[in-house]
Amino acid sequence: MQVIIPVGVTYAQMLDDFRALIRHERSAAPVATAAGTPPADELLSIREAAEMLGVTIQTVHEWKRRGLLKYHKLGSRTYIKKTDVLAALQGHQRSEKPGKGATARKGSQRPAVA
């Protein structure tokens with residue numbers, strides 16, 4: 001263990017140096033969280049939840065009304081927990097609709113005329 005002997009340094013100078021050192025270390029250090037896991041109680045706005053789910057804001061409101069998404073009120077604002085959004089995303093995977101130029105479904109093709 002190394003010993004530091006302050007010679008010619010006043011208490012006020014040493015205290016200022018320690019404060020500057022602590023400020024520097026705190027600003028350079030990353031925020032300590034569990035590796036790769038988002039906070040369980042992270043709240044998303046309705047708009048953020050809609051973007052994450054890939055639906056419109058009106059759809060999120062409808063899902064709230066029908067009880068498919070739990071929501072929390074803070075004052076006049078509505079928030080949804082990120083874990084609830086992720087659970088809804090897992091439970092309600094959307095299927096792709098064929099766009100223009102896609103092949104028609106079986107049975108909807110016209111029979112060949114001979």
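Analyst: From the N terminus on, the elements run α-β-α-α-β-β-α. That gives the chain 4 helices and 3 strands. The model is predicted. Of the 114 residues in the chain, 13% are buried. The accessible surface comes to about 10,300 Å². Carbon and sulfur atoms account for 55% of that surface. Among contacts between residues at least 6 apart in sequence, 48% join residues at least 24 apart.

Start with helix α3, residues 57-66. Which of its residues are buried? They are Val60, Trp63 and Lys64. Seen down the axis of α3, these buried residues fall within an arc of 105 degrees, so they line one face of the helix. The spacing has a simple background. An α-helix has 3.6 residues a turn, so residues three or four places apart point the same way.

What covers the buried residues of α3? The cover includes α2, residues 46-53, and β3, residues 77-81. At its end, α3 is followed by Gly67. The phi of Gly67 is positive, near 85 degrees.

Now turn to α2, which is part of that cover. Its buried residues are Ile46, Ala49, Ala50 and Leu53. They span an arc of only 100 degrees around the axis, which puts them on the same side of α2. The face turned away from this buried side carries Arg47 and Glu51, both exposed. After α2 comes Gly54. Gly54 has a positive phi, near 75 degrees.

Next, look at the strand β1, residues 43-45. Leu43 lies in this strand. Is Leu43 buried, exposed or partly exposed? With a relative accessible area of 33%, Leu43 is partly exposed. The cut-offs explain the label: buried means under 20%, and exposed means over 50%. Leaving aside neighbours within four places in sequence, Leu43 is in contact with Glu48, His72, Leu74, Tyr79, Ile80 and Lys81. Leu43 and Lys81 are 38 residues apart along the chain. Their C-alpha atoms are separated by 4.6 Å.

Then comes helix α4, residues 82-91, where Asp84 lies. Asp84 is buried, yet it has no salt bridge. How far away is the nearest side chain of opposite charge? That side chain is Lys70, 4.9 Å away. A salt bridge needs a side-chain nitrogen of Lys or Arg within 4 Å of a carboxyl oxygen of Asp or Glu. Not counting residues up to four places away in sequence, Asp84 touches Leu69, Lys70 and His72. His72 is also among the contacts of Leu43.

Last, go back to helix α1, residues 11-28. Leu21 has its place in this helix. Leu21 is partly exposed, with a relative accessible area of 45%. Leu21 also belongs to a nonpolar surface patch.

In α2, the buried residues are Ile46, Ala49, Ala50 and Leu53, and the face turned away from them carries Arg47 and Glu51.

Terms used:
Residues are numbered from 1 along each chain as its sequence is written. This is a predicted model: local features need pLDDT of at least 70, side-chain atom pairs count only at pLDDT 80 or more; totals for chains, interfaces and linings use all residues. Side-chain values use heavy atoms; hydrogens and water are left out. Patches are made of residues with over 30% relative accessible area and no salt bridge: like charges are joined within 9 Å, nonpolar side chains (Val, Leu, Ile, Met, Phe, Trp, Tyr) within 5 Å. Accessible areas come from the Shrake-Rupley method with a 1.4 Å probe; for residues, only the protein chains shown count as cover. Helices (H or I, at least four residues) and strands (E, at least two) are DSSP runs, numbered from the N terminus. Buried means under 20% relative accessible area, exposed over 50%, partly exposed in between (1.4 Å probe, protein chains only). Contact means heavy atoms within 4.5 Å. The arc is that of the directions from the helix axis to the C-beta atoms. Lys and Arg count as positive and Asp and Glu as negative; His and the chain ends are not counted.
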